[in-house]
Amino acid sequence: MILSCQNVGKAFHEKQIFKNCSFHIEDHEKAAIVGINGAGKTTLLRILTGELEADEGIVVWGKDVSFGYLPQNAQVEGDKTIYDEVLEAKKEVLLLEEEIRSCELQMKQVSGTDLDSLMEKYTRLTHRFEQMDGYSCRSEVTGVLKGLGFTEEEFSKQVSTLSGGQKTRVALGRLLLTRPDLIILDEPTNHLDMNSIAWLETWLANYQGAVLIVSHDRYFLDRIATKIIELDGGRAGVFSGSYSDYAVKKEQIRSAQMRAWLNQQQEIKHQEAVIEKLRSFNREKSIRRAESREKMLQKMEVLEKPTEVRDDMHIQLKPRIESGNDVLSVEGLAKAFDGQALFSDLSFFLKRGEHVAVIGDNGTGKTTILKIINGLVDADAGEIRIGSKVQIGYYDQEHHVLHPDKTIFEEISDEYPALTNTEIRNVLAAFLFTGEDVFKQIKMLSGGERGRVSLAKLMLSEANFLILDEPTNHLDITSKEILEDALNNYTGTVLYVSHDRYFINRTASRILELEGGALTGYQGNYDYYLEKKAQLIQAAAGNGMAALGQSSPSGAGTPAAGRGAVAGKDSAAGRGSAAGFAQAVGIRNGASSPASESALKQDWKSQKEAQAAQRKKENALKRCEERIAVLEERSAQIDEEMALPEVCTNVARLQELSKEKAEIEEELLLKMEEWEQLSE
């Protein structure tokens with residue numbers, strides 16, 4: 001066991017963040033903590049690492065367990081180069097290497113027993129060096145830095161000259177190379193591009209130690225996590241499997257809880273009606289019985305109504321008018337900054353209703369393209385044409401379209417003066433801003449809150465062409481799903497930049513990849529892009545394409561020819577067999593056609609056999625009907641058991657019952673088919 005979290009609870013300013021939180025992390029396990037913003041995910045990590053003290057409960061670590069923790073936006077400081085800073089993670093190996101070199105120098109100057117002693121020490125040191133993969137130490141550092149998006153030219157840059165995101169990547173690289181028993185990462189993908197995220201996924205999935213991650217990146221979680229720890233409503237739930245497995249199980253539990261609540265509400269109403277009827281009899285005995293039922297009802301532990309799925313935020317994106325078929329035309333677009341070309345001669349077109357995602361590494365110019373289209377940045381060359389009746393709605397990842405000194409209420413009312421105070425409050429409430437929250441200044445809001453204000457303005461714009469720059473940044477998983485549903489129901493055109501692969505997979509109908517200053521188009525979602533990109537890389541390698549080119553003409557014809565030959569042969573054989581059979585039957589029929597009347601009558605033995613067969617069929621039908629009744633009764637019992645409060649929160653028991661239910665349904669289907677045959 002790596003660590004055990006037992007009944008941990010934490011509150012801030014009398015607000016309970018979570019309570020009775022329990023789970024454990026085993027050796028080599030890959031676990032993820034999920035939950036909405038404010039659920040306490042980062043707080044829980046800080047308690048586990050000892051940065052924060054829990055109000056209740058204990059955290060127990062395994063003996064001699066080491067861990068490495070990377071908080072959100074963690075950064076390194078100092079004047080070392082990127083390479084030297086990350087190499088510092090291998091300090092023990094480097095010191096060992098220095099000791100080995102020292103031994104080698106000393107061995108040249110001694111002899112006899114001193115040399116024997118040094119040789120023995122040298123053997124021990126080199127053996128230890130090999131165990132610590134010392135010979136691959138520097139190549140490992142290079143591999144991690146490249147995986148995290150640094151080029152070899154950048155290795156010599158001083159850490160002090162880097163941006164915040166780059167410093168976080170350096171801190172991540174250094175942590176990975178320490179290789180502790182447990183790696184704890186809080187939103188590790190925030191400052192990584194797609195290639196770096198994919199590299200990190202592979203690295204963590206193959207890591208021999210355990211991993212505990214907080215992340216809103218569902219694609220990332222699906223690739224890595226084998227256990228999900230959910231913080232919901234102040235409680236922790238543990239689910240085995242990937243994020244997708246968790247989502248399915250979570251919905252099953254929520255449905256079971258809803259059924260349990262509905263059944264209990266029905267039972268309460270029934271008991272109240274019985275109590276009222278007993279009292280109406282106005283007899284001492286009936287009143288006593290009513291009072292007895294009332295006491296039972298008061299002792300009943302009333303279940304809380306489960307929250308509806310994603311009912312906390314409401315986005316409806318509706319164009320006010322329909323645009324023309326040609327929405328956007330971009331031809332020969334070019335842009336450079338400080339003499340450094342971002343891209344040149346870019347051309348692409350958008351038709352009405354398309355949902356297009358622009359992807360690519362950080363710094364390639366994706367956001368710049370959106371800003372040029374919106375007129376916020378001038379192009380160096382090229383032409384942009386906006387189609388007929390096109391109305392643009394723009395979502396800026398930096399939220400520059402918001403005014404920092406205005407309140408949330410003023411931000412909406414100034415932009416849409418025709419809205420009444422009540423209408424503005426209703427809109428803001430749909431984006432989780434209620435009460436006095438609407439009078440907060442924009443500059444005082446978190447990134448997620450600013451994102452919600454921008455989404456509110458976008459919804460009110462009623463634009464038919466949405467241009468979105470990283471719309472899922474700072475949104476929790478629930479809010480992302482709400483936005484995904486809104487975009488999928490949106491009939492207008494969408495052009496967006498995003499690193500969220502799950503989001504792209506759900507919402508994009510076409511992908512434009514910006515790489516090396518050029519655009520490559522892929523018709524489909526992110527999964528299709530990955531598949532097609534892999535094919536193109538393989539083709540570019542040459543070997544696969546050459547083999548395909550040689551075998552394709554004959555290969556394309558051979559299967560078809562083979563299938564045709566086989567089909568023709570089978571058909572001929574079939575026709576021959578059928579003809580032979582018909583001929584044989586004809587001969588037999590011809591031979592028996594002048595049969596006498598006695599041959600048409602069944603003898604006593606045949607009648608008995610027919611009666612026995614009939615009884616056998618009737619008994620089988622009866623047994624079938626009885627089995628169906630048993631199965632249906634058990635199915636109903638399972639439904640009732642799954643609705644019980646003590647069962648609907650027991651994941652293991654729910655899985656057992658769900659499996660049994662599925663087996664029953666499968667057998668029921670077979671039995672009903674059997675019943676139909678027997679009934680005929």
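Me: Which residue has a side-chain oxygen that reaches a backbone nitrogen at the start of H7?

Reply: Keep in mind that this is a predicted model. Helix H7 covers residues 194-206. The backbone nitrogen in question belongs to Asn195, and the side-chain oxygen that comes to within 3.3 Å of it is from Asp193.

Me: And how far does H7 reach from its first C-alpha to its last?

Reply: H7 has 13 residues, and at 1.5 Å a residue you'd expect 18 Å. The model comes out close to that, at 19 Å.

Me: Which residues of H7 are buried?

Reply: Buried here means under 20% relative accessible area. An α-helix has 3.6 residues a turn, so residues three or four places apart point the same way. For H7, the buried set is Met194, Ser196, Ile197, Leu200, Glu201, Trp203 and Leu204.

Me: Moving on to Glu354, is it buried or exposed?

Reply: Glu354 sits in the loop between strand E11 (340-351) and strand E12 (355-359). Its relative accessibility is 15%. The cut-off for buried is under 20%, so Glu354 counts as buried.

Me: What does the side chain of Glu354 reach at 2.9 Å?

Reply: Leaving aside neighbours within four places in sequence, Glu354 is in contact with Phe349, Gly492, Thr493, Val494, Ser509, Arg510 and Gln523. The 2.9 Å one is a separate item: the side chain of Glu354 reaches the backbone nitrogen of Lys351.

Me: Which residues is Ser329 in contact with, leaving aside its neighbours within four places in sequence?

Reply: Ser329 lies in strand E10, residues 326-337. At 10% relative accessibility, Ser329 counts as buried. Its contacts beyond those neighbours are Phe348, Phe349, Glu383, Ile384 and Arg385.

Me: Now for the surface: which residues make the nonpolar patch of about 240 Å²?

Reply: One member, Ile58, has its place in strand E4, residues 56-61. Ile58 has a relative accessible area of 46%, so it is partly exposed. The patch is made by Met1, Ile58 and Val60.

Methods
Residues are numbered from 1 along each chain as its sequence is written. This is a predicted model: local features need pLDDT of at least 70, side-chain atom pairs count only at pLDDT 80 or more; totals for chains, interfaces and linings use all residues. Side-chain values use heavy atoms; hydrogens and water are left out. Patches are made of residues with over 30% relative accessible area and no salt bridge: like charges are joined within 9 Å, nonpolar side chains (Val, Leu, Ile, Met, Phe, Trp, Tyr) within 5 Å. Accessible areas come from the Shrake-Rupley method with a 1.4 Å probe; for residues, only the protein chains shown count as cover. A salt bridge is a side-chain nitrogen of Lys or Arg within 4 Å of a carboxyl oxygen of Asp or Glu. Helices (H or I, at least four residues) and strands (E, at least two) are DSSP runs, numbered from the N terminus. Buried means under 20% relative accessible area, exposed over 50%, partly exposed in between (1.4 Å probe, protein chains only). The expected span of a helix is 1.5 Å times one less than its number of residues. A polar contact is a pair of N or O atoms within 3.5 Å; within protein, one must be able to donate a hydrogen and the other to accept it, and residues adjacent in sequence count only if both atoms are side-chain atoms. Contact means heavy atoms within 4.5 Å.
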